[in-house]
Amino acid sequence: MSTAAERDYLLGTNDEELRRLQAQHNAWRAKTTDLWDRAGFRAGQTILDLGCGPGFTSLELGERVGAGGRVLAVDGSKKFADFLRHRAASASMTQIEVAVADVRTLDLPAASIDAAFARWLLCFIKEPQKVIEQVARTLKRGGRLLVMDYCAYGTFVAQIEYPHLRRVLQAVHRSFGDGLEIGDKLPHLMKRCGLAVMEVIPIGGIARPGNRIWCWIEDFLRMYLPELVARGALREEDCAAHWEEWETNARDPQASIASPPMVGAIGVKV
Ligand SMILES: C[S@@+](CC[C@H](N)C(=O)[O-])C[C@H]1O[C@@H](n2cnc3c(N)ncnc32)[C@H](O)[C@@H]1O
């Protein structure tokens, strides 16, 4: 039986999504660990990994906090949670605790954690403020919330020069509501929840045929566009025209696309 959070999650939790999340993590690992350094994530801390998925970040956070720290990894998907439990047990990482829960209704003790991390989670959540409020309550004074997520997606899509790609990305954008603009709102949301905004770091790159960002964008579109077609949110012929254009670009060494822009926003509990 699926949880409410699992049913709401647009991308599903099957094996294909699990594989995509691993590749996505590999593509953005260096930027992510740089954000952890900037946010002061370190040995001995208790860190909440919100919407951890299969836990690729939880395992690395487990290494970072070490045996004397704790990682509380929370996701709405039982399948992802089981995957992470198995990986953590195989690596004897008892500092990782895994829970299946909805991040909108977490009930952790006040002032009990040093830091929280949420990557590519809030873009899927219609009530991001609820999540940030709860995290702010749960953080100790001086504790940090680090969010890595999309921003300015509408502006990004409008600037895509390949017309069929632009059309499919418009459909992607519409399907997320204003979720892909979450990064633009984070400073305001954090402030409203009693967190002082310490840093907002822009994150991005350039996709060239075959590079990691190109493959990341392609992976996402191969998985998600059939879903948009099935829901009537994208015409089949527009999808087919896009793949024809994509294959042509993939053979053109001069082709390039900016990656969707993201931010890493760090808030401190005051
Ligand atoms: C794109 S994945 C990102 C996973 C992980 N944070 C990462 O960076 O690899 C989004 C995750 O958020 C989880 N999720 C979405 N809405 C949720 C909710 N309301 N409560 C708990 N988890 C949720 C999904 O199950 C999924 O695993």
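Analyst: Two strands pair if DSSP finds at least two bridges between them. Helices (H or I, at least four residues) and strands (E, at least two) are DSSP runs, numbered from the N terminus. In β3, alanine 99 is the bridge partner of valine 74. Strand β2 (residues 70–75) and β3 run parallel, joined by five bridges. The model is a predicted one: local features need pLDDT of at least 70, side-chain atom pairs count only at pLDDT 80 or more, and totals for chains, interfaces and linings use all residues. Residues are numbered from 1 along each chain as its sequence is written.

User: What is the handedness of the unit made by β2, helix α4 and β3?

Analyst: A crossover is right-handed if, with the strands pointing away from the viewer, the path from the first strand over the helix to the second runs clockwise. Here β2, helix α4 (residues 78–90) and β3 form a right-handed β-α-β unit.

User: In which order do the seven strands form the open sheet?

Analyst: The order is β3-β2-β1-β4-β5-β9-β6, with mixed pairing. Strands β3 (96–100) and β6 (195–203) are the edges, each pairing on one side only. Within the sheet, strands β5 (residues 139–150) and β9 (residues 262–269) run antiparallel and share seven bridges; methionine 148 stands opposite glycine 264 in β9.

User: Which strands does helix α5 lie across?

Analyst: Contact requires C-beta atoms, placed from the backbone, within 7 Å. Axes are lines fitted to C-alpha atoms, for helices over the stretch in contact, and angles run from 0 to 180 degrees between N-to-C directions. Helix α5 (residues 128–138) lies across β1 (46–50), β4, β5, β6 and β9, at about 150° to β5.

Definitions and conventions
Two residues are in contact if their C-beta atoms, placed from the backbone, lie within 7 Å.
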